[in-house]
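Reader: Can you walk me through this model? Keep it quick.

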Amino acid sequence: MQSVAYPITIYYDASCPICEREIHLLKEFDRDNKIELVDCSPIEYVGEDGFSRESMMKLIHAKASDGKWLVGAPVFAAAYAASGIPSLAKLWGARPLQPLWRVVYPWIANNRQLLSKLGFTHSFDRFVRWLHAREAKRALARSQACADDRCDVPPQG
């Protein structure tokens, strides 16, 4: 997974139920305010830094605080990392999976309205909430293990 300068500004399609729900769910879990949101769906939105509204509506875009742009899977990797869901961040950011994401994610993006109508939004919401709770429990267990002197982190020194 590539390093990202936070905060990031995510440009998303708020007219899409899946996009709206996922992005706001990620923002809900963003405890450190690493994510800022811009709805690029209004017709009057013109784009930014050479990216047109049409390109931003086709695939998700994000701009990191250092000015670097992310498009597609890297946006999700950065957003899930910021939201405390490292397992999904690693999945979206895994270098060996990038060729797959370059095919699968555009298909999802092109069919997002249909997927919304088929109920994917609610299933995805439940899955992400379950995964976030699981990650939180794991973090708590690691923290408790360290407090009990059973930490699996090697000593610094």
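**The core and its surroundings**

Author: The largest nonpolar core has 28 residues, and Ile-8, Ile-10, Ile-35, Ile-60, Tyr-80 and Trp-92 touch the most other members. A nonpolar core is a set of buried Ala, Val, Leu, Ile, Met, Phe, Trp, Tyr and Cys residues joined through side-chain atoms within 4.5 Å. This is a predicted model, where local features need pLDDT of at least 70, side-chain atom pairs count only at pLDDT 80 or more, and totals for chains, interfaces and linings use all residues. Residues are numbered from 1 along each chain as its sequence is written, and side-chain values use heavy atoms, with hydrogens and water left out.

Reader: Which elements give two or more residues to this core?

Author: Strand E1 (8-12), helix H1 (17-29), strand E5 (61-64), H3, H4 and H5. Helices (H or I, at least four residues) and strands (E, at least two) are DSSP runs, numbered from the N terminus. H3 gives the most, with eight residues.

Reader: What does Ile-60 touch?

Author: Leaving out residues up to four places away in sequence, its contacts include Ile-10, Tyr-11, Ile-23, Val-75, Phe-76 and Tyr-105. Contact means heavy atoms within 4.5 Å. Ile-60 and Tyr-11 are 49 residues apart in sequence, yet 6.3 Å apart in space, C-alpha to C-alpha.

Reader: New topic. How do H4 and H5 cross?

Author: The axes of H4 (residues 86-93) and H5 (residues 98-110) come within 8 Å and cross at roughly 95°. So H4 is roughly perpendicular to H5; that label covers 65 to 115 degrees, with under 35 roughly parallel, over 145 roughly antiparallel and the rest oblique. Axes are lines fitted to C-alpha atoms, for helices over the stretch in contact, and angles run from 0 to 180 degrees between N-to-C directions.

Reader: Which residues meet there?

Author: Leu-91, Trp-92 and Gly-93 in H4 meet Gln-98, Trp-101 and Tyr-105 in H5.

Reader: Last one. Where does Lys-117 lie?

Author: Lys-117 is in helix H6 (residues 112-117). Lys-117 counts as exposed because its relative accessibility is 73%.

Definitions and conventions
Buried means under 20% relative accessible area, exposed over 50%, partly exposed in between (1.4 Å probe, protein chains only).
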